[in-house]
Amino acid sequence: MSKLISNSVIVVIGIGRLGASIAKQLSQQGENVLCIDSDEKAFNKLDDFSGFTQVGDATDLEFLRDLGIENAKTIIITTENDDTNIYLGHVCFLIFNCLRVFIRLDDSDKKKLLKDTPIEAIYPFLLSLNNFMERFEGDNL
């Protein structure tokens with residue numbers, strides 16, 4: 001397999017609703033995006049997407065190495081499993097020396113597992129709650 005990833009590529013691992021939405025928006029902004037998911041059907045969510053897709057198991061180190069993950073500009077990990085996301089974040093940072101890594105976390109208590117790393121957590125629940133509270137407080141009921 002030839003290396004698909006160069007230093008201009010943003011990699012999104014886990015193409016559920018969040019991963020697909022992030023990939024589409026980045027692609028529409030002109031970024032080079034590679035989406036990875038173990039289920040080829042996940043890519044059906046990528047309408048209006050001009051990037052690349054790759055079916056595979058992102059927990060397989062050889063698969064990531066063959067893609068050239070170490071060259072990625074940014075890695076965004078959005079599987080639906082916090083433990084998988086933490087594992088992949090650490091693999092990308094510690095093994096492949098990727099310095100710009102974002103992971104989705106549902107459990108904000110797991111943030112401590114990212115201590116002393118540059119891995120940044122995205123919390124969909126907290127983002128939704130904050131968005132609601134801003135709107136609610138702005139209503140002046």
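## A parallel sheet and its helices

Helix 1 (residues 17-28) lies across strand 1, strand 2, strand 4 (74-77) and strand 5 (101-104), and runs at about 165 degrees to strand 2. Here contact means heavy atoms within 4.5 Å; axes are lines fitted to C-alpha atoms, for helices over the stretch in contact, with angles from 0 to 180 degrees between N-to-C directions. Helices (H or I, at least four residues) and strands (E, at least two) are DSSP runs, numbered from the N terminus.

A word on the source: this is a predicted model, where local features need pLDDT of at least 70 and side-chain atom pairs count only at pLDDT 80 or more, while totals for chains, interfaces and linings use all residues. Residues are numbered from 1 along each chain as its sequence is written, and side-chain values use heavy atoms, leaving out hydrogens and water.

Six strands form an open sheet with parallel pairing, in the order 3-2-1-4-5-6. Strand 3 (52-55) and strand 6 (120-122) are the edge strands, each pairing on one side only. On average, neighbouring strands of this sheet are turned by 20 degrees against each other, direction ignored. Two strands count as paired if DSSP finds at least two bridges between them.

| Strands | Bridges | A bridge pair |
|---|---|---|
| strand 1 (residues 9-13) and strand 2 (residues 32-37) | five, parallel | I10 and V33 |
| strand 4 and strand 5 | three, parallel | I75 and V101 |

Strand 4 is covered on both faces: T74 and I76 on one side, and I75 and I77 on the other, are all buried. Buried means under 20% relative accessible area, with a 1.4 Å probe and protein chains only. In a regular strand, side chains alternate between the two faces of the sheet.

Helix 3 (residues 82-95) lies across strand 1, strand 4 and strand 5, running at about 170 degrees to strand 5. Its 14 residues reach 19 Å from first C-alpha to last, close to the 20 Å expected at 1.5 Å a residue; that expected span is 1.5 Å times one less than the number of residues. Among the buried residues of helix 3 are D82, I86, L88 and F93, and their cover includes helix 2 (61-67) as well as strand 1, strand 4 and strand 5. Just after helix 3, N97 takes a positive phi of about 55 degrees.

Technical notes. Buried means under 20% relative accessible area, exposed over 50%, partly exposed in between (1.4 Å probe, protein chains only).
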